[in-house]
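I opened the file to look up a few places in the chain and wrote down what I found. The entries follow in the order in which I made them.

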Amino acid sequence: MNSFRVSSALGLLSRPCAASSIITSAPGLRAQARWVHRDSLPKLPLVPATIPFVPDVETFLTLIGRDLKQYANKFPTWEALFTLTSEQLRELGVEPPRTRRYLIQWRQKFREGRFGIGGDLKHVENGVAILKPKEVVKDALTRERFVVNVPPGTNPDSIPAEELVRVRGFKVRGIRTIIGPYALAMKNGGVKLQVTEGMWEDKRGHKVDGGERRRAEVRFKRGVAERKALREKQGYY
């Protein structure tokens, strides 16, 4: 009888989701078995649409930095930028390999909608966006101030509330002062945000003593050289 029970249990465990069915049938336990298939996941477009702040290849390469702007003429179209493989990028002269990897990583980020500063802007002309403070009175004691993106020459108060574009990464200090990265103050109030090289760049870390792999070796050799220099100074050599 015991051998029959063991074989039956093994047979259940070998079936899909058997273990989950045993757990969920136990009283007092709340568990759920979920199966996710690749076909059910939403597929990202291979070539994403441009956005107002990034209308073309040159702007995209300028924003992500690392001197990738110099390769702008290598990509005749927006589609080419997002469809060329790593091997094809190498043939075009995009070097070194870490630069190609960096470009490919940013292509994927853009597909997923993970933009840098200014990626949520809607009103951009010639690479420049106008940001202005907006105040909303919630009640007699509460007022909220935030930053909105408006077309040039437009007052935020003249735009319906549902059409206002609230900008991430910027805030209002005091009554009308806007603070945020790359914000350039304007004479008539508000600030402008202009496409600048390296705005979206992922900064590389600074290697200390040759990095993690060579740190022990570099420090050992430095110690040997320092001790030798000290002995020479003391007249041992």
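**Entry 1: the largest pocket**

I began with the largest pocket and found that strand S2 (residues 128-137) gives the most to its lining, with four residues. Helices (H or I, at least four residues) and strands (E, at least two) are taken as DSSP runs and numbered from the N terminus. This is a predicted model, in which local features need pLDDT of at least 70 and side-chain atom pairs count only at pLDDT 80 or more, while totals for chains, interfaces and linings use all residues. Residues are numbered from 1 along each chain as its sequence is written, and side-chain values use heavy atoms, with hydrogens and water left out.

I listed the lining of the largest pocket as Lys132, Pro133, Lys134, Glu135, Arg145, Asn155, Pro156, Asp157, Ile175 and Arg176. By class I noted three nonpolar, one polar and six charged residues in that lining. Here Ala, Val, Leu, Ile, Met, Phe, Trp, Tyr, Cys and Pro count as nonpolar, Asp, Glu, Lys and Arg as charged, and the others, Gly among them, as polar. The space in the largest pocket is about 160 Å³. For the record, a pocket is an open set of points on a 1 Å grid over the protein atoms alone, where a 1.4 Å probe fits, with protein on both sides within 12 Å along at least five of seven lines; lining residues have an atom within 4 Å of a point. Grid points are joined across faces, edges and corners, and the volume is the space filled by probe spheres set on the points.

**Entry 2: the whole chain**

I noted seven helices and eight strands in the protein chain. Of its 237 residues, 30% count as buried; buried means under 20% relative accessible area, exposed over 50%, and partly exposed in between (1.4 Å probe, protein chains only). Residues 24 or more positions apart account for 52% of the contacts with a separation of 6 or more, a contact being heavy atoms within 4.5 Å.

**Entry 3: helix H3**

How many residues of helix H3 (residues 57-64) are buried? I found seven of the eight: Val57, Thr59, Phe60, Leu61, Thr62, Leu63 and Ile64. The cover over these buried residues includes helix H4 (78-83) and H6.

At the start of H3, a side-chain oxygen of Asp56 comes to within 3.5 Å of the backbone nitrogen of Glu58. After H3 comes Gly65, with a positive phi near 70°.

I then looked at Thr59, which is in helix H3. Leaving aside neighbours within four places in sequence, Thr59 is in contact with Phe53, Val54 and Val195.

I went on to helix H6 (residues 97-111), where Thr99 is found. Thr99 is buried because its relative accessible area is 11%. Not counting residues up to four places away in sequence, Thr99 touches Leu68 and Val94.

Tyr102 also lies in helix H6. Is Tyr102 buried or exposed? Tyr102 is buried, at a relative accessible area of 2%. Beyond four places in sequence, I found Tyr102 touching Ile64, Gly65, Arg66, Leu68, Trp200, Glu201 and Asp202. The side chain of Tyr102 reaches the backbone oxygen of Ile64 at 2.6 Å. Tyr102 and Arg66 are 36 residues apart in sequence, and their C-alpha atoms are 9.0 Å apart.

Phe82 lies in helix H4 and counts as buried at 1% relative accessibility. Not counting residues up to four places away, Phe82 touches Leu46, Val47, Pro48, Arg107, Phe110 and Arg111. With Arg107, 25 residues away along the chain, the C-alpha separation is 6.4 Å.

**Entry 4: backbone angles**

Most residues other than glycine have a negative phi, and most peptide bonds are trans. I therefore noted the cases that depart from this.

A cis peptide bond joins Glu95 and Pro96, with omega about -5°. Pro96 lies in the loop between helix H5 (86-92) and H6.

Asp67 is not a glycine but has a positive phi of about 60°; its place is the loop between H3 and H4. Asn126, also not a glycine, has a positive phi of about 55°. I found Asn126 in the loop between strand S1 (124-125) and S2, and Asn126 is exposed, with a relative accessible area of 81%.

Technical notes: A polar contact is a pair of N or O atoms within 3.5 Å; within protein, one must be able to donate a hydrogen and the other to accept it, and residues adjacent in sequence count only if both atoms are side-chain atoms.
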